[in-house]
Amino acid sequence: MNSVRNIVVLTGAGISAESGIATFRGPGGLWEGHRVEDVCTPEALAHDPALVHRFYDLRRAALATVEPNAAHHALARLDREWRGELLIVTQNVDDLHERAGTRRLLHMHGALQSALCAACGERRHWIDALPVGSRCDACGAAALRPDIVFFGEMPYRMERIETALAQADLFVSIGTSGAVYPAAGFVQLADACGADTLELNLERSTGSDSFAETRLGRAGELVPAWVEAVLGAA
Ligand code: APR
């Protein structure tokens, strides 16, 4: 561990599961009652904006009913105490990492509490429902949409993420099924650039074979233990 200085962590829905937010692909997954293409594509937004806005309004409102869990708090501790480089990349659109206190964080798939102007690209912090046709303060267009990266759209901050992966000594993936690219390919990139790779997940994932080590269990137990070990060895 002494040789580790640059760490990149990727988190997915599994890290928020113990907070009570349903994962995407497990039993009781978020898509129950909705086909992905009905709520999470640019086409859906064009054809039925009311449905898409309502879907994300409900998810945004549900944030008020959940709290960060031990895994979010452990990563916030890592952020506070780790003296080397650290980037925590989350695929999650909830705000539980921020609420735990994590600062070195990127939301690659967008954020529920953000509205994006489809006309000018301006963003606004947004906590209430987002009616279709809401106006952008910057350009005046009635074009605010949920700031969520839909299937077929480019995830945010990829250049920054790829640079961090290329420089990483250690890449750790937490609570993600490895079903969605480009995040699913981060392990190969980190590995090819010389990083050690570790997966912490409830069960083996699509990508498990690509990791040097996989530890199976609940994020609320595995992540605090891993953070304790990393900080203890530094
Ligand atoms: N602790 C650790 N892992 C868990 C836990 C837990 N308590 N509960 C579930 N998991 C694991 C599951 O076993 C699964 O492998 O978390 C993973 C969650 O996988 P998905 O539901 O596919 O979520 P994710 O990988 O984040 O999805 C990626 O897909 O639809 C898109 O944009 C959406 O960001 C999302 C992306």
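The expected span of a helix is taken here as 1.5 Å times one less than its number of residues, where helices (H or I, at least four residues) and strands (E, at least two) are DSSP runs numbered from the N terminus. The structure is a predicted model, in which local features need pLDDT of at least 70 and side-chain atom pairs count only at pLDDT 80 or more, while totals for chains, interfaces and linings use all residues. Residues are numbered from 1 along each chain as its sequence is written, and side-chain values use heavy atoms, with hydrogens and water left out.

Which residues of helix 9 are buried? They are A219, G220, L222, V223, W226, V227, V230 and L231, where buried means under 20% relative accessible area, exposed over 50%, and partly exposed in between (1.4 Å probe, protein chains only). Seen down the axis of helix 9, the buried residues fall within an arc of 165°, so they line one face of the helix; the arc is that of the directions from the helix axis to the C-beta atoms.

L75 and W226 are separated by 151 residues in sequence, yet their C-alpha atoms are 9.7 Å apart in space. L75 counts as buried, at 0% relative accessibility.

Oxygen atoms of the ligand lie 2.8 Å from a backbone N or O atom of A13, 3.3 Å from a backbone N or O atom of G175, and 2.8 Å from a polar side-chain atom of E203. Taken alone the ligand exposes 740 Å², and the protein buries 93% of that (Shrake-Rupley method with a 1.4 Å probe; for residues, only the protein chains shown count as cover).

Two strand residues are also worth a look. E199 sits in strand 8 (residues 196–201) and is buried, with a relative accessible area of 1%. Its C-alpha atom is 4.8 Å from that of S173, although E199 and S173 are 26 residues apart in sequence. S114, in strand 4 (residues 110–117), is buried at 11% relative accessible area. The side chain of S114 makes a polar contact with the side chain of D147 at 2.7 Å; such a contact is a pair of N or O atoms within 3.5 Å, and within protein one must be able to donate a hydrogen and the other to accept it, while residues adjacent in sequence count only if both atoms are side-chain atoms.

Finally, the backbone holds two features in loops. Most residues other than glycine have a negative phi, and most peptide bonds are trans. R157 has a positive phi, near 60°, and lies in the loop between strand 6 (144–148) and helix 7 (158–167). The peptide bond from Y181 to P182 is cis, with omega near 5°; P182 is in the loop between strand 7 (170–174) and helix 8 (186–192).
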